[in-house]
Amino acid sequence: MTSSGHRILGLLLGAVAAFMLAPIAIVIVNSFNSVPYGAWPPPGYSLRWYVNLSQQTDFGDAAVRSLVVGAVATALALVAGTLASLALVRFRFPGKAAINGLLLAPMVVPKVAIGMAAFTLFVRLHVYGTLWTLMIAHTALILPFAVTIISGALLRVRPELEQAAQDLGASPARAFLTVALPQLRRALVAAAVLSFVVSFDEVDASIFMVSHADPTLPVAMYNYMQKYQDPTLAALSTILVAATLLLAVLLLRSFGISGLSEMVGRAQRQPVIPGEADA
Amino acid sequence: MAKQLTRRDFLIMTSAAAALAACGGTGASRAASPSPGGKLPKGPVTVTMFVFLGGDLGKMPKAFAQDYMSRHRNVKIEIYEDSNTVGYPKMLAAKQTTPNQPLVNFGFFNAQTTAQGILDGMWNRLDYDAMSNVKDVLPIFRREDRYGIGVGSDQLGLVYNTRLISPAPTSWTDLWDSKYKGKVTFFDYYWYPVYIAAKMNGGGLQNMQPGWDFWKAHAKQIRTIVTSNPQYLDVLSNGTAPLTSYFNGTALQWKGGGAPLEYVPPREGAISVPVYLQSVQGNTNDQNEVVTDIINQMLSPKWNQQWAVTSVEVPTNQKVQLPDAMRSLPAFQRATVEKLQTVDWTVVARNNADWRQKWDQDIKANI
Amino acid sequence: MRAPARRPAGWRPDGYLFLLPALSVLVLFFLAAMAVLLSFSFERFVGGRFLPGTTTGNFTTFLGGHYYWSVIATTVKLGTVTTFLCALIGYPTAYALNAMRRPLVRNLGYFALFAPLLTSVIVRSYGWSLLLGDHGFINQILLSLHVVRTPVPMLYEFSGVVIALVHILLPFMVFPVVSVLGQLDPALKLASADLGANRLQTFFRVTLPLTVQGLVVGCELVFALSISAFATPSLLGGGRVQVLPALIYNEVGGLNWPLAAVESYALLVLALAVIGIFTLLLRGPVARSRGAT
């Protein structure tokens, strides 16, 4: 890659980053707005919305609930998704196309309809408002993301390497875990990040499925917005973004700056078996 | 002459009301009102109350719940705060699957939802004779069918940006006046201007077609349709669309927050939108006893006044004294109250789905 | 080979076993919800209330209504345009991210893509209203540079919705492509250069074909998400962008659940059809990319 080609790519990346961050920058600035209604540019600056946020009782519990549900749902979706991807990519059996469609469907059907139907279902089964129903629902909703990303990457993982490992005495499971899984690292991280975020942000279906006493964070935000139209939610969003930044920085510190990229798969450029590069 | 309500007045008004309530209201019955017909149950009873999700609409119900629970140790009142769009469908779905375990046991429901509930068999008939405060409630807020009782009434009129529109609009017809072309916004969906247009063109609630035709031709008046309250406030305040029709209560809340907005009752008459307290079908007998008692006490002058002040609505108990600052608001002037238009909400509930479609197809598609 | 003698290679009846966890979650929840929706779709909702008995009237109303087809058209149009733009912007972005040597730059890039996902769409739409409005940031720049003479209407228009949707869905295009780019053996590019290809040829003949699977995954995700998007078209479309999910939301609130159920199934069929066609069209290139190694 020449340096001019590199520079062009760098500029492109910069432009896209600016596009992605522009509305967020406005949100962050607005969170310090001294007036509640949308006056721009802000006539003054103040921390009053952060103070107001700290006085709200709902958001803390709701945030914890969203984190827990998101983490559990993501973990379940990754495991189930990897297994499902294996089946879809490597095996042949009747009904594959139908199952493929089924795995994609929760992503497409509008969540508001799913939520309404789920509410009816939960009430009938007397399980409305429980945490585990929410976890299962979120897992089902984020499963399509995990399956799509992981199976896309699995297509490029050659089964011959695992077979070679099996020939050398490893069980099929061990072969998969030690040979194929590392090649999927980047996809797994991408799937995990996207799945978690989809669950954390999920509001359309959750509005119907959570009980009024135990909302998730997006539902609590939605409820707040119905009552008060002021920048308190902007303050909350700013805190979420800052927390993510902090988390990322901490991860970089503990894994080393290049370590994070390695986790995301830079290192897997090394051929697994010597001589493989000639293929 | 209507006195302009400054932000300071508004704050004084609400804190005065709170102080009044804390001191025992207007001097009328301070002690707990006598038990209704039967005796209140002694054992533990839990009831869930539906509360509007919006602004300060939750203040009075929550204060009431605290007060009631402190005087009736065996009763637990849970609060269910929700919007009508999400809350009522859930109530209906719950009723269809588990009719003896209603999602909520009682609460606040606006006129349209009340009518819808009657269609769905959602409400219990209230025992007016067992409720001591009913005799003080204005007759128009009592119901012949006994499905609920009025606790307050908001109104719909014109809301506009005072910095961008001057002089103030005065009539429903301003909404389709060509000088405001491209300057109007509405919440999605809002059939009231269609109803007014229908009435002025030979139709009415039972025949809305003239209204739809009229607005289809005048759709370009509308700059944008909004779908959330923050967006609504934004669009009105920053000048994108400085004229609309909406609730007096919400407009005053926004104004109290500093937005340059004002509410004007149209000269042909603002539309009265009553709020009812309902008891929900499927309650146990104990729950019904408690609910009847609670509703009765909410109608007492003390609590009815607090509701009126925090929700900025016309109170239904004639004995309620409104604070001066509130009485001088345009919405509460005698002239306005006398001209309030009422609507047959049963017709509205029956036609709601069809009107919604016509709103989408005839108006939204043409803006 | 260990494959059983009589079955074709790769045949695994225990394929179903691997699918079991995923399927059980889906069955428990999603299929059950879809069954509830299906039963709703045959119920009668007339004059504001549910009446006993079943009917196919909801289907005929929907399929026979000219208005509903126009809504479907708008929805598909929104999905297609958004997917196209996301692919156009997303692939080069992923390529750039992958090519950056300095980890700090790369991590900042990931962060820029990822951070907006954490701000709720309602909050973000306020930012868009300030950027895209008639007196907003972008129009002010365009006007001051004399590129246009009057403000370009973007807010509360189709274009504004597209911009906001691309903003939300770009990560869903970039991440899958990045993950596939990471699997690309660098030796292949070296080999291509050794054989005399210039950078452009290497890209179009080696890199792109081998990574098309990532592009396909990204397009599937973005398309599926953009046609089922409800909040963005509602908040930024100003009522002018009538898409199927918004209709469904209104029907649910309006208690017309039978129609909402029909519309939900319509959306599902639409998505599967389009994705199915898309996959078929790309079967050639994808197979070639698999077979290349």
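Predicted model: local features only at pLDDT ≥ 70, side-chain atom pairs only at ≥ 80, totals over all residues.
Colleague: Which residues make the meeting between helix 2 and helix 10 of chain B?

Modeller: On the helix 2 side you have B:Lys59, B:Met60, B:Ala63 and B:Phe64, and they meet B:Trp303, B:Gln306, B:Trp307 and B:Thr310 in helix 10 of chain B. Sorted by class, that contact has five nonpolar, two polar and one charged residues.

Colleague: What makes you say helix 8 of chain B is largely enclosed?

Modeller: A residue is buried if 20 or more other C-beta atoms lie within 10 Å of its own. Nine of the nine residues of helix 8 (residues 248-256) of chain B are buried, so the rest of the structure largely encloses that helix. Among the buried ones are B:Asn248, B:Gln253, B:Trp254 and B:Lys255.

Colleague: What follows helix 8 of chain B?

Modeller: B:Gly258 does, and its phi is positive, near 105°.

Colleague: How is chain B divided into domains?

Modeller: Domain 1 takes 7-153 + 274-322, and domain 2 takes 155-272 + 341-366. Taken over C-alpha atoms, the centres of these two domains of chain B are 29 Å apart. In the contact, domain 1 of chain B puts in 15 residues and domain 2 of chain B puts in 13.

Colleague: Which element gives the most to the domain 1 side of that contact in chain B?

Modeller: Helix 4 of chain B, with seven residues. Helix 1 (7-23) and helix 4 (111-120) of chain B are the elements giving two or more residues to that side. By class, the domain 1 side in chain B has seven nonpolar, six polar and two charged residues.

Colleague: How many residues of chain C are in contact with chain A?

Modeller: 89 residues of chain C, against 93 residues of chain A. Helix 1 (residues 15-41) of chain C supplies the largest share of the chain C side, 15 residues.

Colleague: What is that side of chain C made of, by class?

Modeller: The side of chain C touching chain A has 65 nonpolar, 17 polar and seven charged residues.

Technical notes:
Residues numbered from 1 in each chain as written. Chains lettered and ligands numbered in written order. Buried ≥ 20, exposed ≤ 12 C-beta atoms within 10 Å, placed from the backbone. Helix = DSSP H or I, 4+ residues; strand = E, 2+ residues; numbered from the N terminus. Contact = placed C-beta atoms within 7 Å. Nonpolar A, V, L, I, M, F, W, Y, C, P; charged D, E, K, R; others polar. Domains from an automatic or database assignment.
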